[in-house]
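Reader: I would like to learn how to read contacts, sheets and charged pairs in a model of this kind. Could you take me through them one at a time?

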Amino acid sequence: MSVPMPRDEMMEVVALYALGVLPREESALVAAFVAGDDDARREYHDLRAAADTIAFAAEEPVDSAASARMKERLVAKVRADAAGGNPVARRRIGPNPGWLWGTGLAAAAALVFSFVTVAQDVALRGDLAQTKRRAETLANQLAQTERVSRNDRQTLTDLVSSDARRYEVAQGAVVVRGDHVYFALSKLPALPKGRVYQAWTVLKGAKAVQPSVTFTPNADGVAVVQLPVDALKIGAVAVTVEPDGGSKAPTTSPTFVRPLS
């Protein structure tokens with residue numbers, strides 16, 4: 001059998017009862033006390049009205065006296081709980097941590113869910129951006145491959161065309177078709193490290209040579225090179241051996257010089 005609570009303490013608990021935060025078994029005890037005590041009943045109705053006002057009509061004016069009394073009683077009750085001398089308080093407080101813990105877990109879960117959702121969204125955006133960059137890179141590579149393939153087909157067409165003009169040199173031939181000019185060489189000696197072959201062009205009516213592209217043959221001495229000039233304006237071509245990177249003027253005797261006429 002439990003020890004009856006002193007009346008003053010029961011009056012303190014009335015505030016909690018008015019707030020509806022007491023456990024079910026203690027609510028029954030306080031309800032019985034309120035029912036049999038006029039002061040407790042008035043206290044309950046005053047505090048209950050204040051609690052309803054706070055809970056359901058926050059925009060309406062709140063009875064300051066009732067609110068202050070409720071606060072006073074709650075503060076007193078909390079202080080009593082802190083002192084640890086009230087078994088009713090300890091029982092009452094018992095369920096609250098669980099409720100708070102559950103609320104805390106729900107809030108933490110919501111935060112984790114939000115964080116995971118944001119993280120997944122960021123990851124998806126990152127993947128999408130990476131995929132887009134990869135697609136752009138592949139598109140550029142395909143375009144470059146297509147340009148090289150198109151140039152190779154044009155070169156083969158020009159080299160074997162019956163209307164192409166061919167100018168023999170010791171290492172192969174200079175081929176002109178339309179405004180294109182090529183070196184089709186197959187007997188070029190290998191060069192020491194740091195040395196390259198360099199093409200030169202002479203405009204029609206001119207005497208000075210203009211530097212053009214550098215190139216190296218393959219292991220079999222073969223090199224097919226298109227000169228980046230308008231063949232219709234060229235009077236002669238030549239090749240020399242130059243330092244890697246080329247020269248602005250020939251530094252060695254020509255491997256060959258071939259007028260295009």
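Reader: Which residues does Ser212 touch, not counting residues up to four places away in sequence?

Author: Contact means heavy atoms within 4.5 Å, and on that basis Ser212 touches Gln198, Ala199, Trp200, Thr201, Leu227 and Pro228, with residues up to four places away in sequence not counted. This is a predicted model in which local features need pLDDT of at least 70 and side-chain atom pairs count only at pLDDT 80 or more, whereas totals for chains, interfaces and linings use all residues. Residues are numbered from 1 along each chain as its sequence is written, and side-chain values use heavy atoms, with hydrogens and water left out.

Reader: Is Ser212 buried or exposed?

Author: Buried means under 20% relative accessible area, exposed over 50%, and partly exposed in between, for a 1.4 Å probe and protein chains only. Ser212 has a relative accessible area of 16% and is therefore buried; its place is in strand E5, where strands (E, at least two residues) and helices (H or I, at least four) are DSSP runs numbered from the N terminus.

Reader: What is the order of the strands in the open sheet?

Author: Strands of a sheet pair through backbone hydrogen bonds, either parallel or antiparallel, and two strands count as paired if DSSP finds at least two bridges between them. Here the open sheet of four strands has the order E5-E4-E7-E8, with antiparallel pairing. Strand E5 (210–215) and strand E8 (256–259) stand at the edges with a single partner strand each, so one side of each is left without a neighbour in the sheet. Strand E7, residues 234–243, pairs with E8 over four bridges, and Ala238 stands opposite Val257 in E8.

Reader: Where is Ser247 found, and which side chain does its own side chain meet in a polar contact?

Author: A polar contact is a pair of N or O atoms within 3.5 Å; within protein, one must be able to donate a hydrogen and the other to accept it, and residues adjacent in sequence count only if both atoms are side-chain atoms. Ser247 lies in the loop between E7 and E8, and its side chain makes such a contact with the side chain of Glu242 at 2.7 Å.

Reader: How many salt bridges does the structure hold?

Author: A salt bridge is a side-chain nitrogen of Lys or Arg within 4 Å of a carboxyl oxygen of Asp or Glu, and the structure holds five. One of them joins Asp163 to Arg177, with the closest N and O atoms 2.7 Å apart.
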